Amino acid sequence: MAGDMCGHRRIAEATDVCPSGDNAGEQSTDDLREKIKNLLGKYDVGSQYAHIPLPRASILLPLLIRQGKLHLLLTVRSLELKTMPGDVCFPGGRQDPSDEDDIQTALRETQEEIGLCPEQVQILGRLSPNIAKSPNCLVTPVVGIVDDTFQPTPNPSEVADIFLVPLEFFISSEHYTAREVNVPPFGSLVVHQFIYMDPDTEKTFTIWGLTAHFALMLSIILLEKRPSFDPEFDLEGGLNGWKRFLINPSKL
């Protein structure tokens, strides 16, 4: 567990959005934060899916502002883990009985994995959950803006690497592929996949499945753009192909 240590592995530091003027960059960052908050407010599901009779998990979608643009922080799961070793994911995990809600689960797990203290992130809301099949649980994405000063402290038993991806990457078709997979009992589903090369380290990461789904959903909301490919879901519909199962979980 990372504890209260909040600085170890360096990631790109924030710079002013508008360098001219003493407070121009600070004001622009504040404006961007307010815009993000307002956009997410339209899609915040709160606790409306708390009744779903499935084991629960939460992930944090950590937003960082770099050079006036929004980025997502992602992690690579340790090869020591029994489930999905080496996969790219968002920090998070299964809900503990002591957790008050999805938000507390996401914050607790994120601090354990990368050393992000709860006071270093502004929680903006929860987006539509989705169902993971390995293991079977309801996954709720919690969105938050991370302080500019944060430097990750990865827990090596859980996290092998950490990197940032600009939101705009997820609405471009240049490094995107889609394939159909059979997931009982849901049937044939489209799985999104992105191949990202970090320009700082030249490492290549495969972002796919639920991680890609949540990243794509958040990017469409905050950038207010449709991607240059068919995302296979409708934000206004709320829960895409999973909706019928979440409303009527007896079908699971």
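Is Ser58 buried or exposed? Ser58 counts as buried, because its relative accessibility is 0%. The cut-off for buried is under 20%. Keep in mind that this is a predicted model.

**Around Ser58**

Ser58 sits in strand S1, which covers residues 56-66. Several residues from elsewhere in the sequence touch Ser58. Leaving aside neighbours within four places in sequence, its contacts are Pro91, Gly92, Gly93, Asp102, Thr105, Ala106 and Thr140. A polar atom of the Ser58 side chain lies 3.0 Å from the backbone oxygen of Asp102.

**Salt bridges**

Side chains of opposite charge can pair when their charged atoms come close. How many salt bridges does the count give? The count comes to 10 salt bridges. Three of them are set out here.

| Pair | N to O distance |
|---|---|
| Arg126 and Asp102 | 3.7 Å |
| Arg108 and Glu109 | 3.1 Å |
| Lys203 and Asp161 | 2.8 Å |

Take Arg126 and Asp102, whose side chains meet in a salt bridge. This pair links distant parts of the chain, 24 residues apart. Arg126 belongs to strand S5 (residues 121-126), and Asp102 to helix H2 (residues 102-114). Arg126 is buried, with a relative accessible area of 13%. Asp102 is buried too, at 6% relative accessibility.

Lys203 lies in the loop between strand S10 (187-197) and strand S11 (204-208), and Asp161 lies in strand S8 (residues 159-166), so the pair ties together parts 42 residues apart in sequence. Lys203 is partly exposed, with a relative accessible area of 38%. Asp161 counts as buried, at 8%.

Which residues do shared partners join into one network? Asp96, Asp99, Arg108, Glu109 and Glu112 are joined by salt bridges that share partners. Glu109 counts as buried at 10%, and Arg108 counts as buried at 18%.

**Helix H3**

Helix H3 runs over residues 209-223. H3 is mostly covered, with 13 of its 15 residues buried. Glu224 follows H3, and the phi of Glu224 is positive, near 55°.

How values were computed. Residues numbered from 1 in each chain as written. Predicted model: local features only at pLDDT ≥ 70, side-chain atom pairs only at ≥ 80, totals over all residues. Heavy atoms only, no water. Helix = DSSP H or I, 4+ residues; strand = E, 2+ residues; numbered from the N terminus. Buried < 20%, exposed > 50% of the residue type's maximum accessible area, 1.4 Å probe, protein only. Polar contact = N/O pair within 3.5 Å; in protein donor to acceptor, adjacent residues only side chain to side chain. Contact = heavy atoms within 4.5 Å. Expected span 1.5 Å × (residues − 1). Salt bridge = Lys/Arg side-chain N within 4 Å of Asp/Glu carboxyl O.
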